[in-house]
Amino acid sequence: MSLAAVIRAEQKLLLPTYDRQKVLFTRGRGVYLWDSKGKRYLDFLSGIGVNALGHAHPAIQRVLKLQAGKLIHTSNLFYHEYQAELAKKLTRISGLDRAFFCNSGTEAWEGALKLARAYARANNNNGHKAKWRLLALDNSFHGRTFGALATTGQKKYRHPFAPLVPGVNFVAFNDLEDLKRQFDGSVCAICLETIQGEGGIRPVSSEFLQLARELTNKSGALLLVDEIQSGLGRTGKYFAYQHYGITPDIVTVAKPLAAGLPLGALLTTDHVASGMHPGMHGTTFGGGPLACAVAIEFLRQLDRLLGDVSKLGKYFVGRLEELQSQHSEIKDVRGIGLMLAIDLDSADTAKAVVSELLAQGILINRTHDTVLRFLPPYIIEKKHIDEVVNALDRAFRSGKALTTKGTKVHEGKQSKKVERSH
Ligand code: PLP
């Protein structure tokens, strides 16, 4: 089917949830994707942080083929060989004790919220004060299901679906006083992303995270950390919280875990896990043998790539800061490892730059209106970073050239549509 035919068919047949770029991808290899017309694209988005090993990675292909020929699904009514092995690897790298596997980020976060409430209830039965409130952060993003939306601090996602799950209050981002003011004995968990992803690549401050850890430690509440975007090597460590020297009570991961297959997980301590018993929570597909076998291979590859992510990240930040010194449109450079962004002076400029790069065969995306986000695969090389930075430089220069000639390049009202990026 041609791109035009696919667009026509989707417009008629699909729920109108996405405002897709007009590109039909047909294959990928390494850091590149190809569209239906044979045009090549450098992928600096990785399917929103999923394809950390790039496309068609030989080790992943090998495991996929082997496991697909052996066993794809059994349900969680039975054992298979890989959940325990994967849990062993994830607990080793996270410093936690136990895992629960599911199918997506939002499902991992739902599980984390349910576990927090179940743990609080179990402790309440033991004579502790009742805890039910969840404190989440302004500008956060935790997913699209009801619990995840209820803890997502952005009106545009929440508003159409109200009323949401009760018992959630929002704390101003990195505001220590607001956290102290809102925290009391009724809080069962503080919920946060170590680095807000969809919210524009904003790292939580060290002081804020330490305070959240101290308050929850003292009161017996839990610290829930969403590492669905920042975890599993994205920042140059296995988990972004490891840059801060704290360990959360519950951590969620998903995106790159099974190298493109749907797989999410929550990780927690033995103590918190005691809040769950058989039948309280579950999933039909989650943690199936195919996804788990692939995830074990992903983690094996990751061990070798972590150092590269840090080095490449530093190089990339340096190049972006150089660019910032040349273009006043760039207000800020943020992030760590290969979770980076530049914040621009207007949403229209950001939109225009994304389109310009797409035309030049480079994939990045825009989030939170003005932020250009880079989530490349961990297998990129310096030359790929140079290619992207040079393309950005050209885009800013051509934008200026056209504007000074009197033709506004960044014309057009900013879309009112909810962004589908993250
Ligand atoms: N949490 C964070 C930090 C995310 O970035 C995302 C997705 O972008 C989610 C949760 C939801 O994950 P999923 O889209 O797999 O449900």
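**Exercise 1. Decide whether Cys-292 is buried or exposed, and find out whether it takes part in a disulfide.**

Cys-292 has a relative accessibility of 0% and therefore counts as buried, where buried means under 20% relative accessible area, exposed means over 50%, and partly exposed lies in between, with a 1.4 Å probe and protein chains only. Before going on, note that this is a predicted model, in which local features need pLDDT of at least 70 and side-chain atom pairs count only at pLDDT 80 or more, while totals for chains, interfaces and linings use all residues. Residues are numbered from 1 along each chain as its sequence is written, and side-chain values use heavy atoms, with hydrogens and water left out.

A search of the whole structure for disulfides (pairs of cysteine sulfur atoms within 2.5 Å) finds 0. Cys-292 is accordingly in no disulfide, and the nearest cysteine sulfur, that of Cys-102, is 10 Å away. Cys-191 is in no disulfide either, with the sulfur of Cys-188 as its nearest cysteine sulfur at 7.4 Å, and Cys-191 is buried with a relative accessible area of 0%.

**Exercise 2. Describe how helix H4 packs against helix H11.**

Begin with the elements themselves: H4 covers residues 83-94 and H11 covers residues 289-326, helices being DSSP runs of H or I with at least four residues and strands runs of E with at least two, numbered from the N terminus. The two helices pack at an angle of about 30 degrees with their axes 9 Å apart; axes are lines fitted to C-alpha atoms, for helices over the stretch in contact, and angles run from 0 to 180 degrees between N-to-C directions. H4 and H11 are therefore roughly parallel, since angles under 35 degrees count as roughly parallel, over 145 as roughly antiparallel, 65 to 115 as roughly perpendicular and the rest as oblique.

The next step is the residues in contact (heavy atoms within 4.5 Å), which on the H4 side include Leu-86, Leu-90 and Ile-93, and on the H11 side include Cys-292, Ile-296 and Leu-299. Sorted by class, this contact holds 7 nonpolar, 1 polar and 5 charged residues, where Ala, Val, Leu, Ile, Met, Phe, Trp, Tyr, Cys and Pro count as nonpolar, Asp, Glu, Lys and Arg as charged, and the others, Gly among them, as polar.

**Exercise 3. Work out how H3 is oriented against H11, and which residues meet.**

H3 and H11 pack at an angle of about 155 degrees, with their axes 9 Å apart, and they are therefore roughly antiparallel to each other. Among the residues of H3 that meet H11 are Ile-60, Val-63 and Leu-64, while Leu-290, Val-294 and Phe-298 are among their partners in H11. This contact has 10 nonpolar, 2 polar and 2 charged residues.
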